[in-house]
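This report looks at side-chain contacts, helix packing and backbone geometry in one protein model. Please keep the sequence and the structure in view while reading.

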Amino acid sequence: MKKRILALLAACLLLLAACHRTTEEPPQPQPEPPVTEPVEPEDNGITVESAVTSGTETGQGDVELLRWSLSLPQVKWKGQPMMNIGNYYDTLQEKSSLRVQEELLPMAQERREVADVDGSLFTPFSWEAEYAVARNKGNYLSIKRQTTSFTGGVHEANELAAENWLLRDGDCYLLSIQDILPGAGAPRDLLLDKAVEQAAAKAAEQPDAFFEQYEQLMRDVWQESDWFLTEQAVCLFFPEYAIGPYIAGPQVFEIPLGDLGDSLAEGLR
């Protein structure tokens with residue numbers, strides 16, 4: 001009997017030792033998750049560089065009358081200039097130069113002469129035009145331009161403009177809203193309806209952002225050239241004072257591309 005008891009005790013000790021070794025074994029290393037390389041967007045070959053011109057115009061006695069600056073895009077495809085889009089911005093540069101020299105400079109000179117006569121304060125005029133690339137993806141390029149000017153009033157004036165381009169056969173061609181919404185029976189109404197919805201939501205939170213009849217004003221004043229594309233949206237913009245006070249500035253409404261459904265051109269879906 002004594003031998004049997006000793007044997008049982010030995011077996012129990014061996015079992016406990018085995019359990020202790022099991023609990024102390026280090027955890028097995030877990031396999032690391034596979035590494036997913038980021039997918040780079042396809043290069044469309046379009047590059048945009050800046051062409052900047054500026055100057056200061058003076059009057060008698062080297063009195064400063066006007067400071068101006070103009071920045072416009074130089075667009076290339078695979079390193080080569082494109083004729084169509086290049087001609088467009090060359091023409092725009094000529095028109096801007098004429099505006100500075102034939103409109104703003106004579107106005108500043110006249111304002112200066114009046115100030116000399118009546119002893120009022122003359123502040124030099126300023127005019128600055130710059131651009132930003134809102135979208136350069138796929139076959140779509142959107143250039144947004146802003147002009148800020150001071151011509152002696154109470155405050156500066158701000159203007160927005162934009163050009164939307166389709167890359168085709170190595171050149172860029174201007175797009176219309178019909179081009180980007182070929183599936184819509186009334187593209188203008190479709191975009192304005194969605195912009196008005198956003199304005200209504202904003203007006204509920206900021207009543208002072210809009211004039212009282214802002215919805216009708218939006219439908220009356222919006223021009224079909226007043227839009228640009230981003231990678232996520234079609235953006236409609238309205239000039240200062242068009243639908244709200246000066247403090248609101250030019251107003252922009254971003255309509256997500258996903259909200260336009262099958263109306264949207266396939267290349268933008």
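## Aromatic pairs and the cluster

Rings of Phe, Tyr and Trp (its six-membered ring) are taken to pair if their centres lie within 6.5 Å, and the planes are called stacked under 30 degrees apart, edge-to-face over 60 and tilted for the rest. The model is a predicted one, in which local features need pLDDT of at least 70 and side-chain atom pairs count only at pLDDT 80 or more, while totals for chains, interfaces and linings use all residues. Residues are numbered from 1 along each chain as its sequence is written, and side-chain values use heavy atoms, with hydrogens and water left out.

A search of the whole structure gives 9 aromatic pairs. One of them joins Tyr88 and Trp165, whose ring centres are 5.3 Å apart and whose planes stand at 85 degrees, so this pair is edge-to-face. Tyr88 belongs to helix α2 and Trp165 to strand β6, so that the pair links distant parts of the chain, 77 residues apart; here helices (H or I, at least four residues) and strands (E, at least two) are DSSP runs, numbered from the N terminus. Trp165 is buried, with a relative accessible area of 1%, whereas Tyr88 is partly exposed at 31%; buried means under 20% relative accessible area, exposed over 50%, and partly exposed in between, with a 1.4 Å probe and protein chains only.

The rings of Tyr89 and Trp165 have centres 6.0 Å apart and planes at 55 degrees, so this second arrangement is tilted. Because Tyr89 lies in helix α2 and Trp165 in strand β6, the pair ties together parts that are 76 residues apart in sequence. Tyr89 is buried, at 3% relative accessibility. Elsewhere, Phe210, Tyr214, Phe238 and Phe253 make up one aromatic cluster.

## A charge over a ring

Arg168 lies over the face of Tyr173, at 4.4 Å from the ring centre. The term applies if NZ of Lys or CZ of Arg is within 6 Å of the ring centre and within 35 degrees of the ring normal.

## Salt bridges

A salt bridge is counted where a side-chain nitrogen of Lys or Arg comes within 4 Å of a carboxyl oxygen of Asp or Glu, and by this rule the count comes to 9 salt bridges. Arg99, Glu103 and Glu159 are linked in a network of such contacts. Glu103 is partly exposed at 39% relative accessibility, Arg99 is partly exposed at 26%, and Glu159 is partly exposed at 37%.

A further salt bridge joins Arg219 and Glu215, with the closest N and O atoms 3.8 Å apart. Both residues lie in helix α5 (residues 214-221), 4 residues apart, about one turn of the helix. Arg219 counts as partly exposed at 25% relative accessibility, and Glu215 is partly exposed with a relative accessible area of 39%.

## Packing of two helices

Helix α4 (residues 187-205) and α5 pack at an angle of about 150 degrees, with their axes 10 Å apart. The axes are lines fitted to C-alpha atoms, for helices over the stretch in contact, and angles run from 0 to 180 degrees between N-to-C directions. Angles under 35 degrees count as roughly parallel, over 145 as roughly antiparallel, 65 to 115 as roughly perpendicular and the rest as oblique; α4 and α5 are therefore roughly antiparallel to each other. The crossing of α4 past α5 is right-handed, a crossing being left-handed if the near helix is turned anticlockwise from the far one by less than a right angle, and right-handed if clockwise.

## Positive phi in two loops

Asp62 has a positive phi of about 55 degrees although it is not a glycine. Asp62 is placed in the loop between β1 (46-58) and β2 (64-77), and is exposed, with a relative accessible area of 65%. Lys78, likewise not a glycine, has a positive phi of about 55 degrees. Lys78 lies in the loop between β2 and β3 (80-81) and counts as exposed at 61% relative accessibility.
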